[in-house]
Amino acid sequence: MTQPSSTVCPACGAPASGNFCSGCGASLAERRCNHCGAAVVAGARYCHRCGRPLGAAVARRSDRIPWLIAAAVVVALIGAIVARVQRGTPAPVVPDMANPGAGGARSAPPAGPAPDISAMSPQERFDRLFNRVVAAAERGDTTEVLRFAPMALGAFDQLDAKDADARYHAAVVMIETGQLDEAAAQADTILAAAPDHLFGFLLRATVAERRGDAAAAARAREAFRQRYQAELGTRKPEYAEHKGALDAFRNAPGGNR
């Protein structure tokens, strides 16, 4: 029986015989390149003819691929986290207060980018928010009315002085949000300070109509009509600013008999 010839292990250099090295276990059998078919030395990682990696080298490289992919994912996640931290918390979106209201604020809001209402005086904030609520009500946008009405009434509460004009604005917001008792209280306060003020009767009539009290609405409209001309003669600034609303109320059905 022919004994396998002795040779030197190409992997560890130790004398070896048979098909495998007794020292490191490396294969001593003849191998061929899977790409060009050339015979290659046992333990070689690349073909000496075409230079392509042999099976073991390919396997070792393939084993690393999942780890390389995982490492790339981790690097990408860390980069995203760092970018978010560097950007910081985004600035709060300031509601757009540039829409003019329906005839009523002391000054029309400027056009252009929405201002930061936190830097305004309570009166300026109240005027801006009142206009926003009125504009939304005219569009039938109930969601926006309910969103900005509490803000408007909060600004009203912060006013140092509440004149008839401010109370009228607050009552309009209250009526739009169904706060009829609160709106009626504003009307009573206006008339307590100025018994003939048109705003008081306009608000009383509007609240009564929302409540379905036709008799109370008719009485308030009659009181409004009787005082209309004389009150306009007083040239109160708020009458000039709300002339359109006063005329519309006077000319509505039941307002001018």
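Predicted model: local features only at pLDDT ≥ 70, side-chain atom pairs only at ≥ 80, totals over all residues.

Visitor: Why is Glu231 called buried?
Guide: Buried means under 20% relative accessible area, exposed over 50%, and partly exposed in between (1.4 Å probe, protein chains only). Glu231 has 8%, so it counts as buried. Glu231 lies in helix H7; helices are DSSP runs of H or I, at least four residues, numbered from the N terminus.

Visitor: What does Glu231 touch, not counting residues up to four places away in sequence?
Guide: Glu231 touches Asp196, His197, Leu198, Lys236 and Tyr239. Contact means heavy atoms within 4.5 Å.

Visitor: Why is Thr189 called partly exposed?
Guide: Its relative accessibility is 34%, so Thr189 falls in the partly exposed class. Thr189 is found in helix H5. Thr189 and Ala164 are 25 residues apart in sequence, and their C-alpha atoms are 8.5 Å apart in space.

Visitor: What makes Arg235 exposed?
Guide: Arg235 has a relative accessible area of 73%, so it is exposed. Its place is in the loop between H7 and helix H8 (237-241). Phi of Arg235 is positive, near 55 degrees, and the residue is not glycine. Most residues other than glycine have a negative phi.

Visitor: How do you know that the span of helix H2 agrees with its number of residues?
Guide: The expected span is 1.5 Å times one less than the number of residues. H2 (residues 122-139) has 18 residues and should span 26 Å; its end C-alpha atoms are 26 Å apart, so the two agree. H2 is followed by Gly140, whose phi is positive, near 80 degrees.

Visitor: What covers the buried residues of H2?
Guide: The cover includes helix H3 (142-157) and helix H4 (164-176). Among the buried residues of H2 are Phe126, Leu129 and Val133.

Visitor: What makes a set of residues a nonpolar core?
Guide: The members are buried Ala, Val, Leu, Ile, Met, Phe, Trp, Tyr and Cys residues, joined through side-chain atoms within 4.5 Å. The largest such core here has 43 residues; Phe126, Val133, Val173, Leu203, Phe224 and Leu246 have the most contacts inside it. Its largest share, nine residues, comes from H4.

How values were computed: Residues numbered from 1 in each chain as written. Heavy atoms only, no water. Helix = DSSP H or I, 4+ residues; strand = E, 2+ residues; numbered from the N terminus.
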